Amino acid sequence: MRILIDGATGVLGRALAEQIIRAEPAAELILLARHKPRLEALDDLLREAGATTAPMLVPLDYTQANAGHFAELASALIPEGLDALALLAATHSGLHPLDHLKPRDFDQSLKVGLYAPYWLLHHLLRLLKADGGGRVLGVSDDVGAQAKPFWGGYGIAKSGLDTLLEQLRQEAEGSLAVRRVVPPPVASPLRGLVYPGENPKALTPAAEVVAPWADWLLGRSDG
Ligand SMILES: NC(=O)c1ccc[n+]([C@@H]2O[C@H](COP(=O)([O-])OP(=O)(O)OC[C@H]3O[C@@H](n4cnc5c(N)ncnc54)[C@H](OP(=O)(O)O)[C@@H]3O)[C@@H](O)[C@H]2O)c1
């Protein structure tokens with residue numbers, strides 16, 4: 001089983017990778033995130049969790065990435081293909097009215113939360129099984145479906161991601177399983193930026209949230 005996770009070093013991404021390895025220690029993970037040291041720390045965590053196959057670590061800052069980086073990634077994965085893809089990366093610049101939203105922050109939110117999923121799907125879809133066994137999981141947010149004031153580029157990226165996933169689902173016509181999920185509040189750097197005063201202990205543990213996602217990506221549940 002070969003599964004690519006982007007945003008792999010985030011709170012939910014890490015928990016998802018760990019959950020997959022605990023359920024299937026031989027799973028081959030391709031882990032994307034911005035910072036190499038954080039990917040290496042995740043590699044250590046997965047070994048401790050019982051991983052029997054070294055993951056492929058792909059450090060890539062989406063705000064600096066171009067089409068070539070994604071094409072290169074696809075080439076590296078061609079021989080064995082891919083069973084599933086989980087899209088988790090996102091960035092938030094905090095809550096601002098639109099006239100205070102900096103163009104750079106808007107640009108970065110879209111590059112991470114919308115352009116990167118597009119590029120990944122554009123290059124990797126052909127590597128996913130076309131017999132209905134391939135799976136794409138997109139992690140969204142309530143603000144994707146229902147706009148909220150001040151959520152800026154993050155909200156707009158999620159809205160675009162929702163459309164991207166729905167287009168993909170309809171185009172796939174059952175040849176690919178596509179699932180959009182919205183986690184409940186989980187303590188993370190991203191969440192902390194928007195709700196700084198929150199008690200992290202009152203929120204849902206990441207492991208609990210990702211358990212059904214892991215089962216689904218491994219083909220052990222239908223969602
Ligand atoms: N936590 C919640 O309550 C909550 C609620 C609703 C939806 N979600 C969604 O759940 C997903 C995961 O969120 P999280 O809470 O786990 O967030 P997080 O812990 O802040 O993780 C964010 C991830 O995105 C990656 N990332 C950020 N900027 C990047 C860039 N420029 N290039 C490449 N990767 C970049 C980070 O990589 P580095 O670690 O290398 O920086 C990290 O892996 C997101 O899609 C979020 O919208 C979360």
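This is a predicted model: local features need pLDDT of at least 70, side-chain atom pairs count only at pLDDT 80 or more; totals for chains, interfaces and linings use all residues.

Now its neighbours. On one hand there is β1, residues 2-6, which runs parallel to β2 and is joined to it by 5 bridges. Two pairs to look for here: Arg-2 stands opposite Glu-28 of β2, and Ile-5 has Leu-31 as its bridge partner. On the other hand there is β3, residues 56-59, paired with β2 in the parallel sense over 4 bridges. Leu-31 turns up again here, opposite Leu-57 in β3.

What connects these strands? Between β1 and β2 comes helix α1, residues 11-23, and the three make a right-handed β-α-β unit. Then β2, helix α2 (residues 36-48) and β3 make a right-handed β-α-β unit as well.

Now the whole sheet. It is open, has 6 strands with parallel pairing, and the order is β3-β2-β1-β4-β5-β6. β3 and β6, the latter at 176-181, are at the edges with a single partner strand each, so one side of each has no neighbour in the sheet. On average, neighbouring strands are turned by 10° against each other, direction ignored.

Last, two helices that pack on this sheet. Helix α2 touches β2 and β3, and its direction makes about 160° with that of β3. Helix α6, residues 152-172, touches β5 and β6, and its direction makes about 155° with that of β6.

Notes
Residues are numbered from 1 along each chain as its sequence is written. Two strands pair if DSSP finds at least two bridges between them. A crossover is right-handed if, with the strands pointing away from the viewer, the path from the first strand over the helix to the second runs clockwise. Axes are lines fitted to C-alpha atoms, for helices over the stretch in contact, and angles run from 0 to 180 degrees between N-to-C directions. Two residues are in contact if their C-beta atoms, placed from the backbone, lie within 7 Å.
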